[in-house]
Amino acid sequence: MNIIVCVKQIPDPASPGALDASTHALKREGKLILDESDAYGVEMALQLVATAGGGEVNIISMAPNGETSGMRTALAMGAAKGLLVSDPALAGSDALTTAKVLAASVTKLGGADLIITGTESSDGYTGTVPEQIAEVLGLPSVTFAKKVKIEGSVLKVDRQSESGYDEVECTLPAVISVTAGVVEPRYPSFKGIMDAKKKPLDVVTASDLAVTPTGWAAAGQKIVNVTQAEARKAGEVIEDDGEAFGKIVAFLENLKLI
Amino acid sequence: MTINNIWVFAQGANGVATTGTLELLTKARSLSSKVTAFVGGDASGFAASLGEHGATKVYATGDLAGKLPGVALSTAMKVIIDGGDSPDVIMFPQNYEGRDTMARLSVKLNRTVLTNNIDLADSTDGVVATTPVFGGNILVATAFSGPGPHLVSFRPKSFVAESASGGAPEIVAVAVPELGTQGGARVVATHAEQTTGPKLDEAAIVVSGGRGLGEAANYSLIEDLAKLLKGAPGASRAIVDAGWVPYSYQVGQTGKVVKPSVYIAAGISGATQHMVGMKGSKSIIAINKDKEAPIFGIADLGIVGDVHKVLPKLIEALKARS
């Protein structure tokens, strides 16, 4: 069982986001970290390979500035090797180009039995890349997987739905996107962190993968305006003195809701 | 450009068109006189309603027989587009089926996608979609620059559904072609969670709990309060990820968008991801022990206090009234 996990390295969500003044794109400067929503996919892959009793987990990612610190986290968790596509010409790529690059990366690694992604990134959240990768590779896909197991050559997934969940069976190879909370991601051990520094992590360009970058000019979309939304104002804030519940009762009464 | 032909990805549940579908049709008919509803399933029960809301034509695939909608519907759409009915814009709802179908279709047509939008305009810049970023504090307007069909998805409740005096639409049956390897996934069973009371995204009052509740057992305070107020209980992503409540309770960017008369946030600090899903509420009441919590920045009434003390007293006071 060989699994490839697509991961994204993003600016630390704890620091406030900003848009670049000239391109209006999300600023992605400085150190990038492993998107927390991708840690679930890495953990899921490690568990599935362990259950299968053989194979390896490989990591692919695309980032504009050769950043690998987030990928090292995934390697420290137990992934075998990484492939990073880093090319200034890819800056400003839309989700479709990203999917083409990641699909070409999967092929470069020789394919896999299963390709795992998150449902959407925490910084851009377009949310279409998993299904787009599957379409580029001509594979079936199951998005929003909340429980995954493999029986022989059949993938069995509990897929989240609007009202509950669906049981889905799928042939392999396939692409799945996994929801947060699907498994508990492990913390890298000290040994894992030290080992990760020596694990292979290739850095390639778009042309190495024979993908034509669209970049800003040909992404098929152009930001034409950025405006401040009408802000919601803060109202009354009070410290609870033991009687603050009365304020809520009065508030609801005032609106004729009770 | 001028929009002459719009498709709306339309959905029904229990023989009724979803509210989200009617919202998109209402917007579509304001932009184009030719509006087509594409239904992945049987549309016979609600085609008239689609017509009343602006659809002049309905494509319907009939039952998908366990095929996953993303691959099945995008393949069916591609056949129609190649056959000559190529729309300028296809509007999708931001949900599982809409997102999967749009993503597959974007590869088939080699077109970009714009997701998470709240508005669409036909302007001198072209077809322009507006999306809120950073918790909705900033609005980004993006124009499609290439040829159509332009693929664009919308957050629920972006538009208000209004019926017009539209007549019965033309109904055209659409076949789903053989899907090959890509169609290797099948739904073998469906499970619906039991819910009582109003639906989360339709309730007049929503009471949501977060990490500040301390432990899963304390979520009963949220359920009790919601029940007393005839509202629906909701949750932050943090406690859904922690497994305290099912995903269907989640309010926020990756969960439900709610716009109730009153939203009560208990033990929720107000992460961007949560605020996006509830800041459209008419009134917001927040209870949190951290007076610096971002939620107080948008609350009409903020109580700096311990939810374990405030909620039980509030519940007692409401019980005493009924």
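The model is a predicted one, and the values below are computed from it. Chain A and chain B bury about 6800 Å² between them, of which 57% lies on carbon and sulfur atoms. A search of the whole structure finds 19 salt bridges over all chains, and seven salt bridges are found across the interface of chain A and chain B.

**Interface between chain A and chain B**

- Within the area that chain A buries against chain B, A:Glu135, A:Arg232 and A:Ile248 supply 12%, more than any other three residues.
- Between chain A and chain B, 43 residue pairs are in polar contact, counting pairs in which both residues have pLDDT 80 or more.
- A salt bridge joins the side chains of A:Glu120 and B:Arg99, with an N to O distance of 2.7 Å.
- A:Glu131, A:Glu135, B:Arg104 and B:Lys108 are joined into one network by salt bridges that share partners, and A:Glu135 is also one of the three residues named above for their part in the area that chain A buries.

**Nonpolar cores**

- In soluble globular proteins, nonpolar side chains tend to be buried together.
- The largest nonpolar core has 41 residues, and among these A:Val5, A:Ile59 and A:Ile116 touch the most other members.
- Helix 1 of chain A, which covers residues 36-52, gives the most to this core, with eight residues.
- Leaving aside residues up to four places away in sequence, A:Val5 touches A:Gly41, A:Val42, A:Ala45, A:Val57, A:Asn58, A:Ile59, A:Ile60 and A:Ile116.
- A second, separate core of 36 residues includes A:Ile238 together with B:Val207, B:Tyr219 and B:Ile264.

**Helix 2 of chain A**

- Helix 2 of chain A spans residues 69-77, and its buried residues are A:Gly70, A:Met71, A:Ala74, A:Leu75, A:Ala76 and A:Met77.
- Just after helix 2 of chain A comes A:Gly78, which takes a positive phi of about 140°.

**Salt bridges within chain A**

- The side chains of A:Lys81 and A:Glu56 meet in a salt bridge at 3.0 Å, N to O, and this pair links distant parts of the chain, 25 residues apart, with A:Lys81 in strand 5 (residues 81-85) and A:Glu56 in the loop between helix 1 and strand 4 (57-62) of chain A.
- A:Lys81 counts as partly exposed because its relative accessible area is 27%, and A:Glu56 is likewise partly exposed, with a value of 32%.
- A:Glu151 forms a salt bridge with A:Lys149, in which the closest N and O atoms are 3.6 Å apart.
- A:Glu151 has a relative accessible area of 38% and is therefore partly exposed, while A:Lys149 is partly exposed at 45%.
- A:Lys191 and A:Asp195 both lie in helix 5 (residues 190-196) of chain A, four residues apart, about one turn of the helix, and their side chains meet in a salt bridge at 2.8 Å, N to O.
- A:Lys191 is exposed, with a relative accessible area of 58%, whereas A:Asp195 counts as partly exposed at 28% relative accessibility; the cut-off for exposed is over 50%.

Conventions
Residues numbered from 1 in each chain as written. Chains lettered and ligands numbered in written order. Predicted model: local features only at pLDDT ≥ 70, side-chain atom pairs only at ≥ 80, totals over all residues. Heavy atoms only, no water. Buried < 20%, exposed > 50% of the residue type's maximum accessible area, 1.4 Å probe, protein only. Helix = DSSP H or I, 4+ residues; strand = E, 2+ residues; numbered from the N terminus. Core = buried A, V, L, I, M, F, W, Y, C linked by side-chain atoms within 4.5 Å. Contact = heavy atoms within 4.5 Å. Buried area = accessible area lost by both parts, 1.4 Å probe. Salt bridge = Lys/Arg side-chain N within 4 Å of Asp/Glu carboxyl O. Polar contact = N/O pair within 3.5 Å; in protein donor to acceptor, adjacent residues only side chain to side chain.
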